[in-house]
Amino acid sequence: MNILVLMKQTFDTEEKIVLEDGKVSEEGVEFIINPYDEYAVEEAITIKEELGGEVTVISLGPDRFESSIRTALAMGADKAILVDDPDLFGDEYSVAKVLAKVIQDQSFDLILGGYVAVDNGSGQVPQRVAEILNIPFISTAVKIEVDNSKVTVHRDVEGDTEILETNLPAIITSQQGLNDPRYPSLPGIMKAKKKPLKHLSASDLEISPESVQAKTEEIDIFLPPKKEAGRILSGELGEQAKELIELLHNEAKVL
Amino acid sequence: MLYYLNFIAFLVVTAYALWVFYKVIHARITYIKLGKPEKLEKNTKARLKNILSLVIGQKKLLKDKKSGIMHVIFFYGAILVQAGTIELIIKGFVHGFELPVPYYNFFTLSQEILVGLVILAVIYATYRRYIEKLPRLQQTFRAGLVYWFLGFLMLSIVVTGGVEMVLFNEEPSVYKPLSTLFFWLFEGVSETTAYVIFYIGWWSHLLIILGYLIYLPQHKQAHEIFAIINSYLKRLHSPGKLSSIDFEDEEQEEFGVGKIEDFTQKQLIDLYACVECGRCTSMCPATASGKTLSPRELIIKLRDHLTDKGSVIAPNTVPWAPGNIFKTPRNYPIATARQEAAVATDGANALESNIGAELNLIGEVITEQEIWACTTCRNCEDQCPVSNEHVQKIIDLRRYLVLTMGEMRPEVTRTFNNIERQSNPWGINRKERINWRDEIEDVKVPTVKETDEFEYLLFVGSMGSFDNRSKKITQSLVRVLSKAGIKFAILGNDEKNSGDSVRRLGNEYLYQELAIENISNFRKYDVKKIITIDPHAYNTFKNEYPEFGLEAEVYHHTEILAKLIEEGRIKPEKEVKETITYHDSCYLGRYNDIYDAPRLILNSIPGIELKEMERNRQDAMCCGAGGGMMWLEEKEGTRINILRTEQALSCNPDTIATACPYCLTMMSDGTKAKGVEEEVNTLDVVELLEKSL
């Protein structure tokens, strides 16, 4: 069972976003494996430990991704590929195209990834990849059972569970609750330093940067308005209700 | 003729017993040597002092007065009665032999008194174990076997004494009160009968002594040898200092203890020193709250596993003799399986056929549940009369799980990740560490960057910086300190987590990183004195950081406040009319002997009535948060903090006072769980003090 994991590095979930010159500043920021991708890495390793095979982590992003890739290797992934050519960076369209190109050169039975990244939160890449590769796609898995060439997936649908079955190879994305990602052991960390990590560029992949140019354009980045303190209404219940309706209508403009 | 037969029989039996004794002791020493050698601190004087207080003075035993006095009688009785034993054995060859001691009458009297005392002690011990059924004692027949040995040994002395009086036509004597009883019993029997009785008594005496000699190393009585060695070899440094791992050594592939031989030889001596008295387990908060962990069982299981595995990997040793009469097969599954296989395969392929019979230390001998239940409170160690060190063993097992295997509960993983990334257990943004100081307006709290003039560095700690309730302790302390005119500063957002929880959860690697970062910050700002509200940070700074280069003086806030009160720089004047019970923090009390400072502060406040809980000071029960347990869900059994809160509530206090943010959280959760948070306050000592200023 060879498993590929699509993995992205993101800000630690507790980081505060600071804008500098219209861009998100990366200064002094802690980077982590995107938490949903971490579930995917864990799941891949668990399946490998049971069924054998290899886990390959695939990422597209700047050099700093390497620290997170090493963490995934320390957890138990076997090798990794990092496309770190800035010419290939773009939007979800670009990423999916490049990743699909990388994947086409791999032998695989299953592809896992997070259902969404905690930074941009677009949640598009895995399904775009599935579209390009023309293989089945299931999102927000909370349980994955592989049985030979079939896979049964319990997926979270807004609090309910839907059970789906499909043939391999397929792409499945993980939801919180799928597993508890492991903490890398020291021997794992040491071994990870020697595991293969391949850096690929546009020419290695024989992709022309023009062919993966972003389909979207970033016009402006701004922070959400500051949260204002809540207001507690007082007085008779009837008056409170009246005031609330007025406020919702005139101030919040939602009614 | 008979005389020579008797002598030859004596020699043969004695030689056999000595040989068996040598074999079984040798086996155990061989197993201890399977452990890793350890460099012990050289300080013969301190070590002899320990022998003086622990062995000669029986200090720890006397913590339990009743059992302690009983043991003192056993200990000294058994040693002193040896004089009479030697005399009796010679009597078997030289009739009527008397030891050449001055005032012989008083010698016999003293021996008879000793015999009487030991018999009384045996009766009392039997009573305590089987009739009073003291919970900490095991009620099996085996557990009390030693009483039979001792009792009959003493009887044989006075039986032979009495019959000798008949043989030599002595008069009843006040110097031989017990023998005289038997003299009356045997009075008037024929000489031959008297001789027969004498030799029955004499041989019983000899056989009991030799039997005991053989039995001793194969049972908990081995403590008579190993406890003395252990008292000599016990650690001399603070109990608050755990051993460190040298990560520079690149040869290592495994960290912590994953198999019994990974323990140090000293740690393995601990196992044979255990006398199964259960003092540890009777005080253990994990046991008391229904967890599977029992410190006594932990040691017994490790010991039996060592003997079991040792007998297999050191195949020329004889752990049990004669035959297997002292062996309980249940406790020695590896050796037993191998023996059974040897029978099944005629012994030929026994070794090969049973290689798979080895048990995993973690998982099969000791469960992970046990390993993660310890709060590292050291109540067991403090009680242990044979100086066993339980906590380091638990941490060594945790280190193996965390560092070597990467196996731990998700809460532990989360704690490590959070501390690694944001330097606090919740994973709150590290740039918010300093925010607590914006919530107070009346006092200026400078960072080390903002001022050069500070006497103390206030190490706020993760609890004091981020936890809403604990922040109030910090804020109270800074107000009191500035009132007293103390100049202090904080590291602000450069402060890192102290690493105490991390180390005690087994992550030595992350701990050392944090320690080194903190120390380099202390150095950078030329910190000479550190003050903290967190006893855990206090302990690790004071006892563990020096190994990594810290040179500053370290104080807990109660030490400083007590000193300021004594010097008159703080004057508690306003009356606080409250009944207070003070809960001792383990890391302040048992770890660092700070019992008086917090009490001095409380007693200096007018109006306060301090009421002690039944378990206070050295015997105080843990709140349940130590050893990183603060960050783990407590699912098994009842909650430790509720038990401790109940103990506090039995004093009918208005306020439960603590001197540790972890304890405070636990006690305040406890009062909430008991539904009394409206009636019973939970406050840090400094918060009570501030009320009075």
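Strand β1 (residues 3-6) of chain A and strand β6 (residues 55-60) of chain A pair in the parallel sense, with four bridges between them. The model in which this pairing is seen is a predicted one. Within the pair, I3(A) of the one strand faces V55(A) in β6(A). β1(A) is also joined by four bridges to strand β8 (residues 110-114) of chain A, and these two strands likewise run parallel. Here L4(A) is the residue that stands opposite I111(A) in β8(A).

The side chains of a regular strand alternate between the two faces of the sheet. In β1(A), I3(A) and V5(A) point one way, while L4(A) and L6(A) point the other way. All four of these residues are buried.

Chain A as a whole contains seven helices and 13 strands. Its C-alpha trace spans about 70 × 45 × 40 Å along the principal axes. Of the 255 residues in chain A, 35% are buried. When contacts in chain A between residues at least 6 apart in sequence are considered, 72% of them join residues at least 24 apart.

In chain B, helix α3 (residues 65-80) was examined for its length and its packing. Four residues of α3(B) are buried, namely S67(B), M70(B), F74(B) and G77(B). Because these residues cover an arc of only 105 degrees around the axis, they lie on the same side of α3(B). This buried side packs against α5 (104-131) of chain B. On the face of α3(B) turned away from the buried side, K65(B) and I79(B) are exposed.

The two chains also touch one another: 16 residues of chain B are in contact with 14 residues of chain A. On the side of chain B that touches chain A, α19 (390-405) and α20 (410-422) of chain B each supply at least two residues. The largest share, five residues, comes from α20(B). By residue class, this side of chain B comprises eight nonpolar, six polar and two charged residues.

Conventions:
Residues are numbered from 1 along each chain as its sequence is written. Chains are lettered from A and ligands numbered from 1 in the order in which they are written. This is a predicted model: local features need pLDDT of at least 70, side-chain atom pairs count only at pLDDT 80 or more; totals for chains, interfaces and linings use all residues. A residue is buried if 20 or more other C-beta atoms lie within 10 Å of its own, exposed if 12 or fewer, and partly exposed in between; C-beta atoms are placed from the backbone. Two residues are in contact if their C-beta atoms, placed from the backbone, lie within 7 Å. The expected span of a helix is 1.5 Å times one less than its number of residues. The arc is that of the directions from the helix axis to the C-beta atoms. Two strands pair if DSSP finds at least two bridges between them. Ala, Val, Leu, Ile, Met, Phe, Trp, Tyr, Cys and Pro count as nonpolar, Asp, Glu, Lys and Arg as charged, and the others, Gly among them, as polar.
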